[in-house]
Amino acid sequence: MSGKRQLSILSCFQNNQLPKKVARSEDTVEEAVEEAVEETVEEVEEPVEETGENPLETEKRRGLCGAATYRCSFKKEWSTRWPFMTMGTTSSFYWCSVCRQENSCAHQGVRDISRHVEGKGHRAKEQPLNSVSSIAQFYVPETSVGGMSVQEAKTRRAEGKVAVAMVQHNVPFAVADHFSPLYKECFRDSPTAQGFKSASTKTTCIINEAVAPHFRKELVMKMRENPFTLFTDGSNDTGLEKMNPLTVRIFDTNKVVHRFLDVHHQWAELWHR
């Protein structure tokens with residue numbers, strides 16, 4: 001007899017509930033008890049579905065669900081949003097270069113990082129960094145020309161070309177005072193025009209200190225190799241200063257050219273000695 005059937009028989013006699021069909025003979029009593037037990041077992045037993053799983057394993061799996069089972073990992077896209085954030089020692093941690101500390105992002109991932117960034121501690125450390133100016137302006141870029149950036153070299157070249165063009169066409173240097181604001185107004189989309197700053201004083205300095213020495217040296221080198229003739233004359237000014245320009249006629253390549261060499265300034269008192 002099974003354990004459940006024995007339990008049902010005992011319960012019948014403990015509760016003083018005898019079967020409905022009870023005979024006086026022993027065989028009839030046993031048959032009646034067995035019928036009552038079977039009815040009781042049918043009422044008590046419930047259908048149990050067999051899943052084929054171990055109850056211990058099912059209970060263990062229930063205790064390891066959610067965030068404890070799946071850990072979030074640091075993603076590279078987060079560094080694009082927050083440049084001061086990088087992956088920590090493992091993929092479940094992130095390193096904050098502002099706070100100089102490593103925190104976990106395994107629970108909620110990006111939410112853990114945003115919560116840290118919005119926190120008072122991180123903001124208090126980030127505020128002094130935002131008020132400090134960058135030192136990049138004190139460093140010369142690697143691609144430079146003569147210690148200047150590429151864009152600055154383009155602007156200086158434009159200023160020199162305009163100064164030479166003014167000399168070639170005998171344009172007064174006073175006109176250069178109007179070029180800088182005019183170029184900025186006409187060429188707003190050009191960084192070269194926006195950086196153009198050459199008024200009359202700077203244009204004069206470019207011609208006398210940069211352009212003139214270069215062409216004078218070039219002319220002297222040609223005079224050493226080719227025949228030439230010097231010409232000089234004096235100004236008719238009635239002032240105290242007298243100018244004596246010196247020009248050269250020289251054979252250059254396949255033709256004879258006339259070039260300016262220098263000008264000599266002399267005071268009037270020297271003429272009376």
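Tutor: Start with Arg100, which is found in the loop between S2 and S3. This is a predicted model, in which local features need pLDDT of at least 70, side-chain atom pairs count only at pLDDT 80 or more, and totals for chains, interfaces and linings use all residues. Residues are numbered from 1 along each chain as its sequence is written, and side-chain values use heavy atoms, with hydrogens and water left out.

Arg100 is not a glycine, yet its phi is positive, about 55°. Arg100 has a relative accessible area of 59%, so it is exposed. (Exposed means over 50%, buried under 20% and partly exposed in between, with a 1.4 Å probe and protein chains only.) Asn170 also has a positive phi, near 55°, and is a residue other than glycine. Asn170 lies in the loop between H7 and H8. Its relative accessibility is 68%, so Asn170 counts as exposed.

Elements next. The protein chain has eleven helices and eight strands. H5 covers residues 110-117, and its buried residues are Asp112, Ile113, Ser114, His116 and Val117. The cover over them includes strand S2 (93-96) and strand S3 (101-104). It also includes strand S1 (85-87), helix H4 (77-81) and helix H6 (120-131).

Now the cysteines. A search of the whole structure finds zero disulfides (pairs of cysteine sulfur atoms within 2.5 Å). Cys72 is in no disulfide, and the nearest cysteine sulfur belongs to Cys105, 7.2 Å away. Cys72 has a relative accessible area of 26%, so it is partly exposed. Cys96 is in no disulfide either; its nearest cysteine sulfur is that of Cys99, at 3.8 Å. Cys96 has 0% relative accessibility, so it counts as buried.

Move on to helix packing. Helix H7 (residues 150-168) packs on helix H10 (residues 200-223) at about 90°, with 10 Å between their axes. The two helices are therefore roughly perpendicular to each other. H7 brings Arg156, Glu159, Gly160, Ala163, Val164, Met166 and Val167 to the contact, and H10 brings Lys202, Thr203, Ile206, Ile207 and Val211. By class, this contact has seven nonpolar, two polar and three charged residues. Some terms. Contact means heavy atoms within 4.5 Å. Axes are lines fitted to C-alpha atoms, for helices over the stretch in contact, and angles run from 0 to 180 degrees between N-to-C directions. Under 35 degrees is roughly parallel, over 145 roughly antiparallel, 65 to 115 roughly perpendicular, and the rest oblique. Ala, Val, Leu, Ile, Met, Phe, Trp, Tyr, Cys and Pro are nonpolar; Asp, Glu, Lys and Arg are charged; the others, Gly among them, are polar.

Next, the aromatic rings. Rings of Phe, Tyr and Trp (its six-membered ring) pair if their centres lie within 6.5 Å; planes under 30 degrees apart are stacked, over 60 edge-to-face, and the rest tilted. The structure holds four aromatic pairs. Phe179 and Tyr183 have ring centres 5.6 Å apart and planes at 15°, so this pair is stacked. Both residues lie in helix H8 (residues 179-186), four residues apart, about one turn of the helix. Phe179 has 17% relative accessibility, so it counts as buried. Tyr183 also pairs with Phe187: the centres are 6.4 Å apart and the planes are at 50°, so this pair is tilted. Phe187 has 42% relative accessibility, so it counts as partly exposed. Ring pairs link Phe179, Tyr183, Phe187 and Phe196 into a cluster.

Last, Asp262 in strand S8 (residues 255-267). Asp262 has a relative accessible area of 35%, so it is partly exposed. Beyond its neighbours within four places in sequence, Asp262 is in contact with Arg216, Asn244, Pro245 and Leu246. From Asp262 to Ala212 is 50 residues in sequence but 9.2 Å in space, C-alpha to C-alpha.

The protein chain has 273 residues, of which 22% count as buried. Among its contacts between residues at least 6 apart in sequence, 38% join residues at least 24 apart.
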